[in-house]
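Please examine the sequence and the structure before reading on.

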Amino acid sequence: MSQANTLAAPDYFSLFELPRHLNLDPSALEKTFYAKSRRLHPDRFAARPLAEQEAALAASSQLNDAYRTLKDPIARTEYLLSLEGVQMDEQSRAATDAAKAAGTAKKQVAPPDLLEEAFELNMQLEEMRMAKKMGEDDPATRTELEGARERFTAMLHELEDKLHALWNDWDTHTEAGEEAAKTSTRDAMVALLNRRSYARNLVRDVNEALD
Amino acid sequence: MAENTQHRVVGIDLGTTNSLVAIMQGGVPVVIPGEDGSPIVPSVVAFDQETHAGFAVGNAAREVLLTAPGNAVYSVKRLMGRDLADVEPELKLFPFKLADGLQPGEVLKLNIGGLTLTPPEVSAYVLLQLKKNAERFLGGPVTKAVITVPAYFNDAQRQATKDAGRIAGLDVLRLVNEPTAAALAYGLDKNADGSAREGIIAVYDFGGGTFDISILKLHEGIFEVISTGGDTHLGGDDIDNLLLAVAIDDIRGDLGVDITQDPAAMQALRKVVIEAKIELSAADSARLAVELQGGRLYAREITRAQFEGLIASVIERTAAPVRQALKDADLSPEQIDEVVMVGGSTRVPAVRTLVSQLFGLEARGKKLHTELNPDEVVALGAAVQAQILSGTEHAVTNDLLLLDVTPLSLGIEALGGVVAKIIQRNSTIPASATEHFTTGVDGQTTVAIHVLQGERELAKDCRSLARFDLKGIPPMVAGLPRIEVKFLIDANGILHVSAREQRSGQQAQVEVKPTYGLTDEQVETMILDSFDNAESDIEARLVIEARNEANTILEATRKARQQPVWQQLTADEHDAINAALTSVEASLKSEDHKVIRNTIAQLDQHTRRLAELMMDSAVSGALGGKKMATADEGLGGEIGAPTTAPHAFAPAQISESEDSSPADVLQAAENDPETPAESTED
Ligand SMILES: Nc1ncnc2c1ncn2[C@@H]1O[C@H](COP(=O)(O)OP(=O)(O)O)[C@@H](O)[C@H]1O
Ligand SMILES: [Mg+2]
């Protein structure tokens with residue numbers, strides 16, 4: 001999702017008076033959110049002049065958008081990356097264009113090393129769907145898919161751990177002002193998030209097929 | 001409490017079945033009684049010349065339902081913000097008489113007692129009554145209100161509710177979700193000693209027409225909704241319809257009478273069925289008895305067990321949204337500290353058992369919260385929120401704040417009819433999202449955007465909210481313009497859109513065409529005066545509508561006179577028609593709608609044979625058939641349809657039934673010799 005380039009709008013980290021770090025304390029974040037909500041929520045301005053009501057609406061929607069983004073680890077990472085000039089949806093731009101040209105639904109670009117396995121998996125998914133359509137079960141494919149689900153779920157957990165390690169790197173480099181190290185950590189996170197979103201979609205498809 | 005009446009904001013529960021108004025008094029919310037002493041105003045509106053002011057709301061309107069069903073309407077909340085296609089299934093179960101010639105996407109119009117009204121207008125009459133009750137109680141004008149809506153209401157349904165308020169002359173400060181209001185009324189954020197309490201609560205709201213579930217986190221006076229779910233077409237009405245189906249079947253089978261053809265008898269039966277249902281919440285059995293035309297009596301006994309078997313599938317339908325809401329909140333049932341029961345249908349013991357099970361309460365030594373009257377709790381909470389919004393200082397409400405969520409994801413239609421989600425469901429509101437659009441063709445100056453609400457992948461499966469045209473884009477090479485569109489869901493859960501072209505810095509024009517709903521201008525023309533002036537408003541409308549109809553029939557008759565079939569009529573017939581035509585023309589000047597209607601009826605009478613001849617010669621005209629084309633087939637024309645009617649208590653049907661769910665009931669009926677259907681002719 002592309003972020004709003006609304007002029008003058010402070011970024012979500014500054015809104016919460018936080019440094020651009022990726023590790024954050026959820027309960028502190030919540031506390032700030034509650035305190036700010038008490039001040040900014042439109043309910044506090046219902047009896048005020050229209051201009052104040054509109055300002056409250058703008059401010060509190062921004063606060064809520066910020067909280068929603070920062071609270072969620074992945075959304076937070078993607079948001080920070082976007083502040084660093086990375087457009088996460090650039091990554092799938094190529095896929096979008098391809099889909100447009102072909103008039104089909106958008107497919108994600110597979111990370112190269114997953115290509116082979118993903119290809120195989122997609123074949124199995126197709127078989128499973130066919131079987132389901134015919135009202136049959138395909139125990140062999142089912143077993144294979146269950147295996148794949150396990151593998152990719154494990155991969156997701158592994159990726160999450162790696163992401164946390166990258167967060168630590170990022171925060172350390174930011175503290176130290178090491179720009180070059182920040183850039184390489186940033187790129188590592190982009191690659192990791194792409195991989196993660198790819199794996200997550202596979203798991204989702206497998207779950208659907210196995211249902 | 002020397003509260004300035006100017007600042008008084010009332011809280012209104014505009015229910016499917018019942019509506020109430022409440023206000024804070026000395027730090028506690030109280031419901032406001034009507035002239036009859038009861039705070040409950042049934043959500044029934046009648047337009048009937050027999051009633052005192054030409055219209056009636058509440059219990060008085062309910063009387064009309066029994067004597068002149070065509071002049072009254074109930075459960076209109078089911079139609080709020082809905083489209084013709086949405087309500088098709090409703091028409092089989094409710095006696096809604098839709099106006100002729102409605103187009104898809106157009107705001108629905110109902111014919112009630114000679115008037116044509118939209119659902120927000122009908123609701124406005126209920127609000128007028130509540131406003132009047134509040135003014136009488138408070139001894140001063142009431143112009144500001146908080147109105148509650150089912151949490152699962154979509155944008156169109158919310159907008160329609162807000163329109164209803166405006167039509168009733170109320171400034172609607174906020175739409176509050178019903179379960180959230182109920183949570184507020186329970187004040188579970190405080191311990192008995194007044195100290196703050198933290199915790200997670202679930203509110204299960206099962207009313208007449210809607211079901212909601214909300215999960216909230218309480219923290220020092222903040223009521224933060226974490227997730228919500230529901231079904232805007234699930235409630236006590238569905239239970240009533242099951243019972244009705246059984247009775248209709250019985251009557252058809254045993255007495256050979258098709259009661260569905262008699263609207264008044266159907267209303268009487270509905271009344272009896274509801275009474276039996278309510279009785280079954282307290283007693284082990286109840287008796288259904290109704291007198292049919294010709295003094296024949298239909299009666300049967302229903303046991304609690306039979307009833308529970310019959311309704312099991314309906315109440316089980318509430319379980320899926322509960323599980324989904326828990327999943328969305330990322331909580332297990334055991335993590336819910338308290339469960340609050342709201343809505344009249346939570347009085348059904350089987351419902352309580354189900355909810356208790358869903359949250360594993362018994363094992364944890366916990367009980368459902370049923371202390372507050374489930375009919376009143378939503379209005380009480382609305383009154384609390386009304387005081388919060390009034391901007392006046394009150395120790396009780398100073399620290400309270402509701403943080404609610406949007407129940408449905410917001411998306412825009414992308415290539416291939418797929419929906420791209422831009423605001424996920426359960427996002428705290430106000431919430432916004434900014435999207436960028438561009439052109440696909442060189443020099444393109446408009447871009448069409450389709451906004452939807454719902455969780456499905458494809459646009460066709462989601463609720464269409466609006467189509468926008470971004471206009472006035474400066475002509476540029478395809479793909480170069482960059483139009484920023486901001487979608488904002490406000491604290492009422494209502495969507496606002498604005499747009500800007502960034503390359504040229506021009507403010508792109510947004511023309512919002514809501515897919516469903518009234519325009520501001522339409523609402524403006526509908527605004528009702530006070531309750532006391534409503535009578536003359538109605539009279540004026542009746543005259544206008546009678547004149548419109550007169551003009552239509554005049555036009556049609558004049559046209560018919562040019563047709564060859566005209567020559568097939570006798571000279572006498574010609575004279576009679578011409579005379580009737582002249583008197584319709586003359587009556588147009590009358591200010592009495594009855595005079596106009598009379599002459600129309602005359603002309604209708606005299607042109608009957610003409611209409612028939614025209615039909616025969618396959619000339620389809622405006623004449624004839626017009627009056628026959630009502631959208632429904634009388635109340636419950638289809639209620640007894642075999643798919644939905646579990647022939648639960650009709651022993652003759654036992655062996656034929658293949659449906660598994662009513663089978664238990666059938667079994668119960670068979671095993672229980674004390675409950676045969678008895679039908680006597682005395
Ligand atoms: N004792 C009861 N047992 C079963 N159902 C009841 C009882 N009392 C009320 N109801 C049902 O509750 C519904 C009305 O509940 P309410 O909360 O007022 O609904 P709404 O909010 O939709 O107006 C109706 O379907 C009514 O028949
Ligand atoms: Mg209700």
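This is a predicted model: local features need pLDDT of at least 70, side-chain atom pairs count only at pLDDT 80 or more; totals for chains, interfaces and linings use all residues.

**Chain A as a whole**

- Chain A has eight helices and zero strands; helices (H or I, at least four residues) and strands (E, at least two) are DSSP runs, numbered from the N terminus.
- Of the 211 residues of chain A, 38% are buried, where buried means under 20% relative accessible area, exposed over 50% and partly exposed in between (1.4 Å probe, protein chains only).
- Among contacts in chain A with a separation of 6 or more, 67% come from residues 24 or more positions apart; a contact means heavy atoms within 4.5 Å.

**Helix pair in chain A**

- The axes of helix H6 (residues 115-133) of chain A and helix H7 (residues 139-176) of chain A come within 10 Å and cross at roughly 135 degrees; axes are lines fitted to C-alpha atoms, for helices over the stretch in contact, and angles run from 0 to 180 degrees between N-to-C directions.
- H6(A) and H7(A) are therefore oblique to each other.
- H6(A) passes H7(A) in a left-handed crossing, meaning that the near helix is turned anticlockwise from the far one by less than a right angle, whereas clockwise is right-handed.
- The residues of this contact comprise six nonpolar, two polar and five charged; Ala, Val, Leu, Ile, Met, Phe, Trp, Tyr, Cys and Pro count as nonpolar, Asp, Glu, Lys and Arg as charged, and the others, Gly among them, as polar.

**Helix pairs in chain B**

- Helix H6 (residues 236-255) and helix H8 (residues 304-316) of chain B pack at about 130 degrees, with their axes 10 Å apart.
- H6(B) passes H8(B) in a right-handed crossing, and their contact has eight nonpolar, no polar and one charged residues.
- Helix H13 (residues 534-561) and helix H15 (residues 593-606) of chain B pack at an angle of about 25 degrees, with their axes 9 Å apart.
- That angle makes H13(B) roughly parallel to H15(B), and the crossing is left-handed.

**Helix H11 of chain B**

- The 13 residues of H11(B) (residues 377-389) should span 18 Å at 1.5 Å a residue, and the end C-alpha atoms are 19 Å apart, which agrees; the expected span is 1.5 Å times one less than the number of residues.
- In H11(B), 13 of 13 residues are buried.
- Just after H11(B), Gly391(B) takes a positive phi of about 80 degrees.

**Backbone features in loops of chain B**

- A cis peptide bond joins Ile429(B) and Pro430(B), with omega about 0 degrees; Pro430(B) lies in the loop between strand S20 (418-423) and strand S21 (431-437).
- Glu220(B), a residue other than glycine, has a positive phi near 45 degrees and is partly exposed at 46% relative accessible area.
- Asp330(B), also other than glycine, has a positive phi near 60 degrees and counts as exposed at 68% relative accessibility.

Technical notes: Residues are numbered from 1 along each chain as its sequence is written. Chains are lettered from A and ligands numbered from 1 in the order in which they are written. Side-chain values use heavy atoms; hydrogens and water are left out. Angles under 35 degrees count as roughly parallel, over 145 as roughly antiparallel, 65 to 115 as roughly perpendicular and the rest as oblique.
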